[in-house]
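Please read them with the structure open.

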Amino acid sequence: MTDRQIVIPGEVIFQGEDYLPGEGTEKHGDEIIAIRFGLVEETKKLVKVIPLSGVYQPRRGNVVIGKVENITFNGWVIDIGTADGAFLSLMEVPRYVNKDDLKEVMDIGDMVCAKIYSMNKRGIDLTLKLKGLGRLDKGIIINANPNKVPRIIGKEGSMISLIKDETNCQITVGQNGIIWIKGNKIEDELFAKKAILYIAENSMASGLTEEMKGWFEKEKKK
Amino acid sequence: MTTAFKRPDGRKVNELRKITAKVGVVPNADGSAMFGFGDTIAIAAVYGPKKMHPQHSQNPEKGTLRCNYNMLSFSVTERIRPGPSRRSTEISKITEWALQPVVMIDEFAGQVVDVHINILQANASTRCAGINAAAMALAHAGIPMKSLVQSVSIGKLDKQIVADLIKAEEDWEEGEGPTDIPITMTEDGKITHIQLDGKIKPSQLKEAVALAKEVYPQIYEAQKKALKEAGVKNE
């Protein structure tokens, strides 16, 4: 865990028949070879490469934040920062929707928090049928690198709950790197933004949650 | 051939210029890198995979790799006219072909990976520096790849085979004159691109490829080091 290995495409990670190739790796003969640039993670002989950079790769089950791009007769087209468009069908909205007035629920330009429930050749399908999903009212939106999202959330949400407690803000982090912050005062929101950007900047430090506790104390004295 | 052969800058026949390699030079791009052979410097920026536009160029079967090579107007002493030219269009295509065998973008149907290569300073071997930079930038952008590629220009000056030509050597006037052979290879010695400008005997071409194989590890190590350094910073 402490000394994680960084690999480049084509590099041999492990040799021998003991290991299974996971995401970002391939097996050639008895060698496991990286096909992406990133960190090696090995759990129960399954070898994976976790990407360090690059664009957001959508996955089923991800909670993402997007902007309503267009309204069709049976739903909304949402921009979640992927090459394929994402579609939110009106069947997936857990409330009554007047078919003649979809605008009333969500208009073009509104931000929405949704979950990816299926991906196919035609694109990504979103759903709102889960607690905490829906249109985002008020608050601010910030963009972070999607690869830094796990650091912003922290282990079992430790980091994000620390920020929430310290700033009195409601925060939703989309897996696509778009983050929504809502507080009672704009100062709180901007403070939370500053904290998140600090984490993204210093994501390589170990024991970051501890460091953030100190950071909050220092910032509050100012 | 063991008799002292003098190169204009005093290098040995198999000696490359000083290699500079750096990753993450364009913060806005999804991946970027800089690569230099001495005073030839190329930067590459990668964007994507993203939706291919215009729509009629979309390939519904697999992803597309699109390269754009450009020499900046101040890259040579005599200002070159900015904008696309016959030469830059050709090198863009060559770069695309050199990289295509290693990038695995088949699953990104209807999408494109854009590679922009700019030459900041030129003293021959610009296409090779560009390809080396592009390979690093693609890896940095998280594009799946079979391996990196390394590119170097091998030359024949009169009868002598040398590695990594400079401008003065491209204009070699003595004996049989100059021959320029840019070669791109993967780490395990598979050639993805080879060009030949001039005259050479088949037996000597084999010698040239052998020399390329000899010097590639230096480029590979530089690329690897730069990527790993960027990874540590980013972890």
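**Notes on the two chains**

1. β1(A) pairs with strand β6 (residues 38-43) of chain A in the antiparallel sense, over two bridges. Within this pairing, Ile6(A) has Leu39(A) in β6(A) as its bridge partner. Keep in mind throughout that the model is predicted.

2. β1-β6-β7-β3 is the strand order of an open, four-stranded sheet in chain A, and its pairing is mixed. Its edges are β1 (6-7) and β3 (20-21) of chain A, each of which pairs on one side only.

3. Now chain A as a whole. The chain has four helices and 16 strands. Its C-alpha trace spans about 60 × 55 × 25 Å along the principal axes. Of its 222 residues, 34% count as buried. Among contacts in chain A with a separation of 6 or more, 56% are between residues 24 or more positions apart.

4. How is chain A divided by the domain assignment? The assignment gives domain 1 (6-51), domain 2 (63-135) and domain 3 (140-221). The centres of domain 1 of chain A and domain 2 of chain A, taken over C-alpha atoms, are separated by 36 Å.

5. Strand β11 (residues 111-120) of chain A has several pairings to check. With strand β8 (residues 63-72) of chain A, β11(A) pairs in the antiparallel sense over five bridges. There, Gly66(A) has Val112(A) as its bridge partner. Val112(A) also stands opposite Arg135(A) in β13(A). That belongs to the antiparallel pairing of β11(A) with strand β13 (residues 134-135) of chain A, which has two bridges.

6. β11(A) also runs antiparallel to strand β12 (residues 123-127) of chain A, joined by five bridges. The bridge partner of Asn120(A) in β12(A) is Gly123(A). These two strands, β11(A) and β12(A), form a hairpin with two residues between them.

7. The contact between the chains draws 15 residues from chain A and 26 residues from chain B. On the side of chain A that touches chain B, 11 residues are nonpolar, three are polar and one is charged.

8. In chain B, look at strand β2 (residues 31-37). Are its residues mostly covered or mostly open? Seven of its seven residues are buried, so to speak of it as mostly covered follows from a cut-off of 20 or more other C-beta atoms within 10 Å. Side chains in a regular strand alternate between the two faces of the sheet. Here both faces are covered. Gly31(B), Ala33(B), Phe35(B) and Phe37(B) are buried on one side. Ser32(B), Met34(B) and Gly36(B) are buried on the other.

9. β2(B) has pairings with two strands to follow. Strand β1 (residues 19-23) of chain B pairs with β2(B) in the antiparallel sense over five bridges. In that pair, Thr20(B) stands opposite Gly36(B). Strand β3 (residues 40-51) of chain B is also antiparallel to β2(B), over seven bridges. Phe35(B) has Ala42(B) in β3(B) as its bridge partner.

10. The turn between β2(B) and β3(B) deserves a look. The two strands form a hairpin with two residues between them. Gly38(B), in the turn, has a positive phi of about 55 degrees.

11. Helix α1 (residues 86-99) of chain B has 14 residues. From first C-alpha to last, α1(B) reaches 20 Å, close to the 20 Å expected at 1.5 Å a residue. Which residues of α1(B) are buried? They are Ile91(B), Ser92(B), Thr95(B), Ala98(B) and Leu99(B). These lie on the same side of α1(B), because they cover an arc of only 130 degrees around the axis.

12. The face of α1(B) turned away from the buried side carries Arg86(B), Thr89(B), Glu90(B) and Lys93(B), which are exposed. Cover for the buried residues of α1(B) includes β4 (64-71), β5 (111-121), α2 (126-140), β6 (149-157), β8 (178-186) and β9 (191-194) of chain B.

13. Last, α2(B). This helix has 15 residues and reaches 21 Å between its first and last C-alpha, close to the 21 Å expected at 1.5 Å a residue. Of its 15 residues, 15 are buried, so α2(B) is largely enclosed by the rest of the structure. Just after α2(B), Gly142(B) has a positive phi of about 75 degrees.

Conventions. Residues are numbered from 1 along each chain as its sequence is written. Chains are lettered from A and ligands numbered from 1 in the order in which they are written. This is a predicted model: local features need pLDDT of at least 70, side-chain atom pairs count only at pLDDT 80 or more; totals for chains, interfaces and linings use all residues. Domain bounds come from an automatic or database domain assignment. The expected span of a helix is 1.5 Å times one less than its number of residues. A residue is buried if 20 or more other C-beta atoms lie within 10 Å of its own, exposed if 12 or fewer, and partly exposed in between; C-beta atoms are placed from the backbone. The arc is that of the directions from the helix axis to the C-beta atoms. Two residues are in contact if their C-beta atoms, placed from the backbone, lie within 7 Å. Ala, Val, Leu, Ile, Met, Phe, Trp, Tyr, Cys and Pro count as nonpolar, Asp, Glu, Lys and Arg as charged, and the others, Gly among them, as polar. Two strands pair if DSSP finds at least two bridges between them.
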